[in-house]
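Here are a few friendly notes to read beside the model. Please keep the viewer open as you go through the points.

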Amino acid sequence: MKIFCVGRNYADHAKELGNAVPEDPVIFMKPKSALHLANAPFYYPEFTNELHYEAELVLRIAKNGKYLPEHHAGKYYDAVTVGIDFTARDIQSELKKKGLPWEKAKAWDQSAILGKWVPFTTEMRRTPLMFSLKKNGETVQNGDSSDMIFPFDTIVSHISQYFSLNIGDLIYTGTPAGVGEAVVGDVLEGFLGTDKMFELEVK
Ligand code: MG
């Protein structure tokens with residue numbers, strides 16, 4: 001199983017971190033060991049002093065494929081949820097400055113939070129998906145899939161030009177503005193529309 005992530009897929013988030021809006025999707029990966037198992041405790045990693053949440057819509061790949069044209073890409077994912085692409089922002093800032101890869105900031109154990117799966121319906125293909133993240137009961141991020149620079153089918157098609165997609169692979173599709181710090185004791189809740197997808201306490 002592979003975990004793909006899209007960076008800078010919302011113009012307002014690219015702006016808040018001082019990044020240019022990309023011409024092509026920015027893709028990076030997390031290993032399988034990055035997946036946080038539901039109901040397992042989530043511990044603040046000891047190597048960072050600036051843990052950031054990034055709430056994102058996550059797609060689940062349902063068919064094996066490669067070199068998918070955009071107009072076929074929609075058949076290759078069947079479920080969606082909200083997750084968090086946890087980021088050690090202090091480490092990422094250092095790595096970015098030096099032009100080094102991001103894995104130490106992004107791909108560590110348990111850095112990929114996943115909510116419960118919701119079937120991706122025909123209705124969802126026609127209407128934008130709204131999602132949000134609450135921290136300690138207050139909304140800190142609001143997302144709307146129609147604000148994505150690269151929509152789902154473009155992302156799936158693009159990734160498949162470089163990597164084969166396999167059943168069960170995940171795609172974190174980027175975060176909207178409002179990323180920020182989580183500290184020990186914070187409770188994070190992810191919502192798709194008004195439905196709660198996960199609740200996570202930082203221990
Ligand atoms: Mg992200």
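**Notes on the cavity, metal site, sheet and pockets**

1. Helix α3 gives the most to the lining of the largest cavity, with three residues. Helices here are DSSP runs of H or I with at least four residues, strands are runs of E with at least two, and both are numbered from the N terminus. A cavity is a set of points on a 1 Å grid over the protein atoms alone where a 1.4 Å probe fits but cannot get out, and lining residues have an atom within 4 Å of a point. A pocket is an open set with protein on both sides within 12 Å along at least five of seven lines.

2. Before going on, please note that this is a predicted model, in which local features need pLDDT of at least 70, side-chain atom pairs count only at pLDDT 80 or more, and totals for chains, interfaces and linings use all residues. Residues are numbered from 1 along each chain as its sequence is written, and side-chain values use heavy atoms, with hydrogens and water left out.

3. Back to the cavity: a search of the whole structure finds one of 30 Å³ or more. The largest cavity holds about 110 Å³ of space, where a volume is the space filled by probe spheres set on grid points joined across faces, edges and corners. Its lining has 17 residues, and nearest the centre lie Gly7, Arg8, His13, Glu54 and Lys106. Two or more lining residues come from each of β1 (3–7) and α3 (89–98). By class, the lining has four nonpolar, six polar and seven charged residues; Ala, Val, Leu, Ile, Met, Phe, Trp, Tyr, Cys and Pro count as nonpolar, Asp, Glu, Lys and Arg as charged, and the others, Gly among them, as polar.

4. Glu54 also belongs to the metal site. Glu54 (OE), Glu56 (OE) and Asp85 (OD) coordinate the magnesium ion at 2.0 to 2.1 Å. Donors are N, O and S atoms within 2.8 Å of the metal (3.2 Å for Na, K and Ca), and sites may look incomplete because water is not among the atoms. The sequence spacing of the donor residues is E-x1-E-x28-D. Both Glu54 and Glu56 are buried (buried means under 20% relative accessible area, exposed over 50%, partly exposed in between, with a 1.4 Å probe and protein chains only).

5. Which strands form the open sheet? The order is β10-β9-β13-β14, with antiparallel pairing; two strands pair if DSSP finds at least two bridges between them. At the edges stand β10 (138–144) and β14 (195–201), each with a single partner strand, so one side of each has no neighbour in the sheet. Strand β13 (residues 187–192) pairs with β14 over six bridges, and Glu189 stands opposite Glu199 in β14.

6. Of its 19 lining residues, His36, Ala38, Asn39, Glu199 and Leu200 are the closest to the centre. The largest share of the lining, five residues, comes from β14.

7. Asn39 deserves a look of its own. Its phi is near 75 degrees, a positive value in a residue other than glycine, and Asn39 lies in the loop between β2 (26–30) and β3 (51–53). Asn39 counts as exposed because its relative accessibility is 81%.
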